[in-house]
Amino acid sequence: MGDVSCTRDDVRRARYAVAAVFAVHGAVTGTFATRVPWIQEHTSLGAGQLGFALAFTAFGASCAMPLAGRISHRFGSRTALRGLIALWTLSLVLPSLAPNLYTLCLAMFTYGASAGMADVAMNALGVEVERRLGKSIMSGLHGMWSAGALVGSAGGTLAAHLGSDARLHFALAAAVLTLLGLLACTWVLDVQPAEDEEPPPRFALPPRSALLIGAVGFCAVFAEGASLDWSAVYLRDRLESSAGLAAASTTGFMLTMAVARIAGDAAVNRYGAVRTVRSGGVLAALGGLLVVVAGHPAVAMAGFALMGLGIAVVVPLCFAAAGHAGPNPSQAIAGVATITYTSGLIAPSLIGGVAQATSLTVSFGVVTALAAGLVVCAGVLRTDGRAGRTEVSRQAAAVPGPRP
């Protein structure tokens, strides 16, 4: 890979630009999550049918993610990201337009496909900026994603409280987010493939070293995906909350996620990755327990907030551990990303299926058990933030060619 010469200031500017893209991507997710109850009511679907439709998000992402590398290889990273982020923001409108189960499945497939491709493209650019700066920035980028999701969910909470039609809400949000995403892409790095570089493979199995690390990420992202798409439904159906209060539970979850991710590097530097994840697992399991036993909306909202706080830094630490786990760091990180992101995409549908067979309370009992698994399995992440930054700096120094 190569690109036109750029100064250190250009790379710093690219860092802020890709951070803005992360925030836009998160805002789409946060906007959608708060209006899931509206979509369920509009399409007259039960919990199991809604979960089935949400499963098409995972199917679409799984089918489309491998295409992102090839798109970037053909058009360059900037043009590819510009097109993919616009596709993602505009796809937000589709679920609100679906009148029944079948059209909702098609809408969610497109929504998931565009989400997955944009996610791969922006993370690849984030890693490239990190390499050139010679220091870790990925945790902060994921924090910006959470901050964007928080803003999107706050807007959704207000829209739900006002009783607005989600079709109008999503159309306005998509227009604004598309404009912001395209503007941010103006300053991202424009990485072009070398003339003799082969296109990336369509599919590659993750190395064995990535599987245990991916399992830890699976637990955390499962809880995240379940909470994002089902917290509002849980408060509305299980605790008979108003639409506005139910949507606020998603906002609280995203708030604690954003704060913990932004502050997460300091905790890892002081206590290490293993202790941080184990402590987070305790908090997440306690939050899940509060959700399960909640008899009042405030208790459930506190539980969702604790889950967000507990699982926030797990995925960035999984990526850091994968980078030190074997001879091929990029392949290990890609394998962990596949496992963790697939978890987040399938979680909503599995929660719906369990809820249909039993109840939403039992569904979040499963989430609580997986959160507790973080306490047991955290030992596979035996890497600290300082070592990760040292390794990034060492790799950056070894990269041939002009330095910014």
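**Figure 1. Salt bridges in the predicted model.** A search of the whole structure, which is a predicted model, finds five salt bridges. Three of these pairs are shown in the views that follow: aspartate 9 with arginine 12, arginine 167 with aspartate 165, and arginine 261 with glutamate 224.

**Figure 2. The pair aspartate 9 and arginine 12 in helix α1.** The two side chains meet in a salt bridge, with a distance of 3.1 Å from N to O. Both residues belong to α1 (residues 8–34) and stand three residues apart, about one turn of the helix. An α-helix has 3.6 residues a turn, so residues three or four places apart point the same way. Aspartate 9 is partly exposed at 48% relative accessibility, and arginine 12 is partly exposed at 40%. From first C-alpha to last, α1 reaches 40 Å, close to the 39 Å expected at 1.5 Å a residue.

**Figure 3. The pair arginine 167 and aspartate 165.** A salt bridge joins arginine 167 to aspartate 165, and their closest N and O atoms are 2.7 Å apart. Arginine 167 counts as partly exposed, with 35% relative accessibility. Aspartate 165 also counts as partly exposed, at 29%.

**Figure 4. The pair arginine 261 and glutamate 224, between helices α9 and α10.** The closest N and O atoms of this salt bridge are 3.7 Å apart. Arginine 261 lies in α10 (residues 243–271) and glutamate 224 in α9 (residues 209–238), so the pair ties together parts of the chain that are 37 residues apart in sequence. Both arginine 261 and glutamate 224 are buried.

**Figure 5. The loop between α9 and α10 at glutamate 240.** Glutamate 240 is placed in the loop that separates α9 from α10. Its phi is near 55°, a positive value in a residue other than glycine. With a relative accessible area of 72%, glutamate 240 is exposed.

**Figure 6. Helix α3 and its kink.** Helix α3 covers residues 47–75, 29 residues in total. Its span from first C-alpha to last is 41 Å, close to the 42 Å expected at 1.5 Å a residue. At alanine 64 the helix has a kink of about 35°, shortly before proline 66. Just after α3, glycine 76 takes a positive phi of about 90°.

Figure 7. Serine 44 sits in the loop between α2 (36–43) and α3. The phi of serine 44 is near 55°, a positive value in a residue other than glycine. Serine 44 counts as exposed, at 63% relative accessibility.

**Figure 8. Phenylalanine 364 in the largest nonpolar core.** The largest nonpolar core has 114 residues, of which Phe32 and Phe364 touch the most other members. Helix α9 gives the most to this core, with 15 residues. In soluble globular proteins, nonpolar side chains tend to be buried together. Setting aside residues up to four places away in sequence, phenylalanine 364 touches Ala226, Ser227, Trp230 and Tyr234, along with Val291, Val292, Phe304 and Met307.

**Figure 9. Threonine 368 in helix α15.** Threonine 368 lies in α15 (residues 360–377). The residue has a relative accessible area of 14%, under the 20% limit, and therefore counts as buried. Apart from neighbours within four places in sequence, threonine 368 is in contact with Ala285, Gly288, Leu289 and Val292. Val292 is also among the residues touched by phenylalanine 364.

**Figure 10. The whole protein, for orientation.** The protein holds 16 helices and zero strands. Of its 404 residues, 53% count as buried. Among contacts between residues at least 6 apart in sequence, 86% join residues at least 24 apart. The accessible surface comes to about 16,700 Å², and 66% of this belongs to carbon and sulfur atoms.

Definitions and conventions. Residues numbered from 1 in each chain as written. Predicted model: local features only at pLDDT ≥ 70, side-chain atom pairs only at ≥ 80, totals over all residues. Heavy atoms only, no water. Helix = DSSP H or I, 4+ residues; strand = E, 2+ residues; numbered from the N terminus. Buried < 20%, exposed > 50% of the residue type's maximum accessible area, 1.4 Å probe, protein only. Contact = heavy atoms within 4.5 Å. Areas by Shrake-Rupley, 256 points an atom, 1.4 Å probe, with all protein chains shown as cover. Expected span 1.5 Å × (residues − 1). Bend = angle between axes of the 7 residues up to and from the residue. Salt bridge = Lys/Arg side-chain N within 4 Å of Asp/Glu carboxyl O. Core = buried A, V, L, I, M, F, W, Y, C linked by side-chain atoms within 4.5 Å.
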